Amino acid sequence: MSSATITMPEYDYLIVGGGAAGLSLAYHISQETRLADKRVLLLEPEAKDQNDRTWSFWADEPSLFDGIVAHEWTQLAFRSPGFERVIPLTRHRYKMIRGLDFYQFVRTALANNPQFTSLATTVTDLQNTATGAVAQTPLGEFRGQYAFDSRPPDLAQLRRPEHYRYLLQHFVGWEVETEEDAFDPETQEFMDFRGAQHQEARFMYVLPFSKRRALVEYTLFSAETLPQAEYEAAMRTYLQGLGVINFRVEAVEIGAIPMTDHPLPATVGAHIFNLGTRAGRAKPSTGYAFKRIQAHSARLVAGLATTGHPPRPATADQWQFHLFDTLLLDIMQRQGEQTSRIFTELFRRNPVERIFDFLDERTSWVENFQIMNSVTPWPFLRSIWHVVRRRPGQR
């Protein structure tokens, strides 16, 4: 992947942004032999060179990035007041990829591929033309048959709170090293709701790498982030509950993922296709995005390779799952503490494989009915009324 002086401003594809979504699409293109003659320009202000995040996901089939999976778990734990269960995984495995490993892996794969060019610049404007797309940058104008835009959406400018719901999944995580055994490296702590909820959805999320090392995160679904000290106090309390007094913080992870039912279109006109969060790839009710980004990238590349054009529709999203997400967001917004009970009912009354398939939007109508029939209906019925009225619920 060249980063030399640009002498050819016209390309087949422009990829705007070099984060998870932009690099994923670039890598998928590089692996498709039918697109080997396509010229690709990657526009990113600054190449990522730090481990700024981790991506976790469950999977029941191989992926392009299995070689850089840092750890995987064969069982997970769900805990809430009055209910705890450690669940062996049969068809799935729960996996984690470190951000820096991903960035380095993709950049290395593209480095010697002459079809890719990288340019360190900011895209100030991206527009459709009659024959393609044009990107305006401080270094000049670049054209492509198609542009793929992974810049985060400016939800602050788009907000319409009278019609849509706007929450954050926000968290602070410590990768800790303890002086004594404290963790089970085979069991991922998926959700631990046993702490105070404070009228919100709050839980601990733990990725144990060994008996003495784990990523411990305090995660919330709410409208506002907390002062840093509150996240840290919750993590110290959790560790003390495990009998951990002395530990070292080896790394810190901080994030805030938009969770909204605000429409985030996958396309803008004929030649611009959105990626990542901009295309709604962070699932509105859970925040999980990495595997959805890979599925989106694969779909786009398959269309380009087969027909020469991205597919329409650009995603395979189904309306009923968007409705399910909206209903849960509505409950979280008006009565967030109910989230613990809802997930408790899901894990008490459903096999985990069905829950994962449901969250992956792969379940049938029969399975969807089984999922919805397993939870107390009243909160969802009330949210259906709010959706029909197009007025989000309020506390």
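**Strand pairing and helix packing**

Strands β14 (residues 201-210) and β15 (residues 213-222) pair in the antiparallel sense over nine bridges; two strands count as paired if DSSP finds at least two bridges between them. Within this pair, P208 stands opposite A214 in β15. Helices (H or I, at least four residues) and strands (E, at least two) are DSSP runs, numbered from the N terminus.

The model is predicted: local features need pLDDT of at least 70 and side-chain atom pairs count only at pLDDT 80 or more, while totals for chains, interfaces and linings use all residues. Residues are numbered from 1 along each chain as its sequence is written, and side-chain values use heavy atoms, with hydrogens and water left out.

An open sheet of seven strands, with mixed pairing, runs in the order β6-β5-β13-β14-β15-β12-β16. Its edge strands, β6 (83-88) and β16 (247-260), each pair on one side only.

The axes of helix α6 (residues 319-335) and helix α10 (residues 377-389) come within 9 Å and cross at roughly 105 degrees. Axes are lines fitted to C-alpha atoms, for helices over the stretch in contact, and angles run from 0 to 180 degrees between N-to-C directions. The two helices α6 and α10 are therefore roughly perpendicular (65 to 115 degrees). Their contact (heavy atoms within 4.5 Å) involves residues including L323 and D330 of α6 and F380 and R382 of α10.

The axes of helix α1 (residues 20-30) and helix α5 (residues 290-307) also come within 9 Å, crossing at roughly 40 degrees. In α1, residues including L25 and I29 meet residues of α5, among them I293 and V301.

Key
Angles under 35 degrees count as roughly parallel, over 145 as roughly antiparallel, 65 to 115 as roughly perpendicular and the rest as oblique.
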